[in-house]
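Biologist: Could we go through this structure together? I would like to begin with its pockets and then turn to some side chains.

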Amino acid sequence: MRRNDAGGDVVARIKDLILRSGLHPGDPMPTEARLVEELGVARSSVREAMRTLSSLDIVEVRHGHGTFVGRMSLAPLVDGLLFRARLNDGNDLRTLREVVQARIALDLSIGQRLVEAWHEEDLAPARAEVERMRAAHAAGRSFAEADQAFHAAVLSKLGNELMMQLGDAFWQVHTSALPLLDVPPATDIRLTIEAHDAIVDALEAGDTTAYEKAVRAHYSPLERNLTASE
């Protein structure tokens with residue numbers, strides 16, 4: 001006999017099924033019919049629960065192919081923080097400032113580990129992204145793509161997937177929120193590019209103090225611009 005389970009209960013039971021079945025990101029999920037049978041709930045309850053799980057990136061629906069275990073990314077966090085930033089009344093940039101502060105705190109907190117991981121290692125990929133930034137800036141184009149790739153390259157040495165996802169989530173929020181909140185580009189944005197170069201220099205030299213100084217310089221143009229936009 002099928003139970004009329006509340007949506008949240010079905011969500012929890014499907015999550016438990018994923019764990020019990022030893023499924024991993026990318027693995028196919030049981031079919032809807034099997035979930036209905038195994039959980040003993042209505043088809044509508046399963047569909048509602050799968051929509052919720054999809055919004056959380058716990059499952060991924062690939063139209064024409066089926067449903068799979070999701071990437072467990074921080075996409076829901078990004079969406080939530082972007083909505084929160086836009087929800088602020090008027091020109092209140094509090095959420096964006098807090099995200100920037102969180103990025104700074106994250107970058108500083110892992111400084112010693114990054115220095116130890118990268119000292120005398122090949123940072124050519126990160127250096128190449130700095131050159132891409134310079135070229136894009138000189139041509140009057142956005143260098144956001146190269147900036148994102150730079151931070152991913154630097155964090156990759158930690159071997160910490162969650163740290164990489166968290167760093168990229170904060171990057172996405174602050175980069176996406178700037179145009180949404182009509183924050184004009186910083187006039188001294190070129191200093192940010194030079195700060196990226198200084199970060200690479202510090203990591204190659206194994207100098208934690210220089211790394212921390214470069215991180216603060218990296219965010220200074222943005223912080224000044226946010227203060228001027230209040």
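This is a predicted model: local features need pLDDT of at least 70, side-chain atom pairs count only at pLDDT 80 or more; totals for chains, interfaces and linings use all residues.

Biologist: How much space lies in the second largest pocket?

Modeller: The second largest pocket holds about 430 Å³ of space.

Biologist: And how many residues line the second largest pocket, and which lie nearest its centre?

Modeller: The lining of that pocket has 28 residues, and Met164, Gln165, Gly167, Asp168 and Ala169 lie nearest the centre.

Biologist: Which helix gives the most to that lining?

Modeller: H9 gives the most, with 8 residues. Helix H9 spans 161-180, and at least two lining residues each also come from H4 (75-87), H5 (94-109), H8 (144-155) and H11 (208-228).

Biologist: What is the lining like by class?

Modeller: The lining of the second largest pocket comprises 17 nonpolar, 6 polar and 5 charged residues.

Biologist: Let us move to Thr95. Where does Thr95 lie, and is Thr95 buried or exposed?

Modeller: Thr95 belongs to helix H5. Its relative accessible area is 2%, so Thr95 counts as buried, the cut-off being under 20%.

Biologist: How far apart are Thr95 and Val173?

Modeller: In sequence, 78 residues separate Thr95 from Val173, while their C-alpha atoms are 9.8 Å apart in space.

Biologist: Now the rings. How many aromatic pairs does a search of the whole structure find?

Modeller: That search finds 0 aromatic pairs.

Definitions and conventions: Residues are numbered from 1 along each chain as its sequence is written. Side-chain values use heavy atoms; hydrogens and water are left out. On a 1 Å grid over the protein atoms alone, a cavity is a set of points where a 1.4 Å probe fits but cannot get out, and a pocket is an open set with protein on both sides within 12 Å along at least five of seven lines; lining residues have an atom within 4 Å of a point. Grid points are joined across faces, edges and corners, and a volume is the space filled by probe spheres set on the points. Helices (H or I, at least four residues) and strands (E, at least two) are DSSP runs, numbered from the N terminus. Ala, Val, Leu, Ile, Met, Phe, Trp, Tyr, Cys and Pro count as nonpolar, Asp, Glu, Lys and Arg as charged, and the others, Gly among them, as polar. Rings of Phe, Tyr and Trp (its six-membered ring) pair if their centres lie within 6.5 Å; planes under 30 degrees apart count as stacked, over 60 as edge-to-face and the rest as tilted. Buried means under 20% relative accessible area, exposed over 50%, partly exposed in between (1.4 Å probe, protein chains only).
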